[in-house]
Amino acid sequence: MRLVTFSDGGAARIGALDADGALRDITAAAPTLPRDMVGLIAAGPKALSLARDALSKAPVVSGAKLLAPIPRPPKNVFCVGKNYHEHAKEFAGSGFDGGAKDVVPPFPVVFSKPHTAIIAIGEPILSHLDPTGGLDYEGELAIVIGTGGRGITKAAALSHVFGYTIINDVTARHLQKRHSQWVLGKGLDSFCPMGPAILTADEAPDPTKLRLITHVNGEKRQDALVADLIFDVPTLIEAISAAITLEPGDVIATGTPVGVGIGFTPPKFLRKGDVVRIEISGIGVLENPVA
Ligand code: MG
């Protein structure tokens, strides 16, 4: 199931995109379910199966606005840097990795973005917030945590995944380099487009099979299988949850493959009017303009 959060003018509620891509109002068909995505996830497998049962009788909604599937996760969005081999090389070679010692990190590089950075499909990335002119995109698969916990082992990790969505880890490269730690270069308002939907984990039992493709203004820039991750989904969940309790609805962006703007000579930074389109098989397309 592809779950979404949407609004048709009133309060946000939960829907699903059916096989034809139509938006169906799950909340209308199952009014006892929580109306927000974090609540639904926290309600556990029984609530998810109620939502699934409701899908066929849920009314189609037209003209509604899709919001980020999780507009406000319980924590900052976790993000992982340098997690594809070819991207780690292009980043090391770009001169923008201010604090790096290793091309391929020996342990996952984890940072976070505040929830105020999250925007929905179609909403603008605000280029004026980066006056240094180093705006870049990073198409990424993101994990949505279902059952929370601390000390989750690799072997158990996939059973803690509720589903997967897409994140654009938008980055102000000069700020990223200048401040060494990445939150000030990556946590800017509007720098975390998320969506369009959460593909539930039952429909992606092996996330390494997912394929990510990014276009900028119709030009293909990234095309990779999640199988190329340096630290895979179970490893990331084990590493982050070792001493931080993961909660239902927490989001972990897994890193970007080769083909970001600074990988080109000269760099292909984003400009006002550009459109970034990220597609992951099964999840859908996340498209945002640069304003
Ligand atoms: Mg990234």
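This is a predicted model: local features need pLDDT of at least 70, side-chain atom pairs count only at pLDDT 80 or more; totals for chains, interfaces and linings use all residues.

**Metal site**

I began at the magnesium ion. Which residues coordinate the magnesium ion? I found Glu138 (OE), Glu140 (OE) and Asp169 (OD), at 2.0 to 2.1 Å. Written along the sequence, these donors follow the spacing E-x1-E-x28-D. I then placed two of them: Glu140 sits in strand β10 (residues 139-145), while Asp169 is in the loop between β11 (161-168) and β12 (171-172), so this pair ties together parts that are 29 residues apart in sequence.

Next I asked myself: is Glu140 buried or exposed? Its relative accessibility is 0%, and since buried means under 20%, Glu140 counts as buried. I checked Asp169 too, and at 0% relative accessibility Asp169 is likewise buried.

**The whole chain**

Stepping back, I counted 8 helices and 18 strands in the protein chain. The radius of gyration is 18 Å, close to the 19 Å from the globule rule for 291 residues, so the chain is as compact as a globular protein of that length. Its C-alpha atoms fill a box of roughly 55 × 45 × 30 Å along the principal axes.

I noted that 54% of the 291 residues count as buried. For contacts between residues at least 6 apart in sequence, I got 76% joining residues at least 24 apart.

**Surface and charge**

The chain exposes about 11,800 Å², with carbon and sulfur atoms supplying 56% of it. Last, I compared the charges: the mean positions of the 28 positive and 30 negative ones are 2 Å apart.

Key. Residues are numbered from 1 along each chain as its sequence is written. Side-chain values use heavy atoms; hydrogens and water are left out. Helices (H or I, at least four residues) and strands (E, at least two) are DSSP runs, numbered from the N terminus. The radius of gyration is taken over C-alpha atoms; the globule rule is 2.2 Å times the number of residues to the power 0.38. Buried means under 20% relative accessible area, exposed over 50%, partly exposed in between (1.4 Å probe, protein chains only). Contact means heavy atoms within 4.5 Å. Accessible areas come from the Shrake-Rupley method with a 1.4 Å probe; for residues, only the protein chains shown count as cover. Lys and Arg count as positive and Asp and Glu as negative; His and the chain ends are not counted. The place of a charge is taken as NZ of Lys, CZ of Arg, CG of Asp or CD of Glu. Donors are N, O and S atoms within 2.8 Å of the metal (3.2 Å for Na, K and Ca); water is not among the atoms, so sites may look incomplete.
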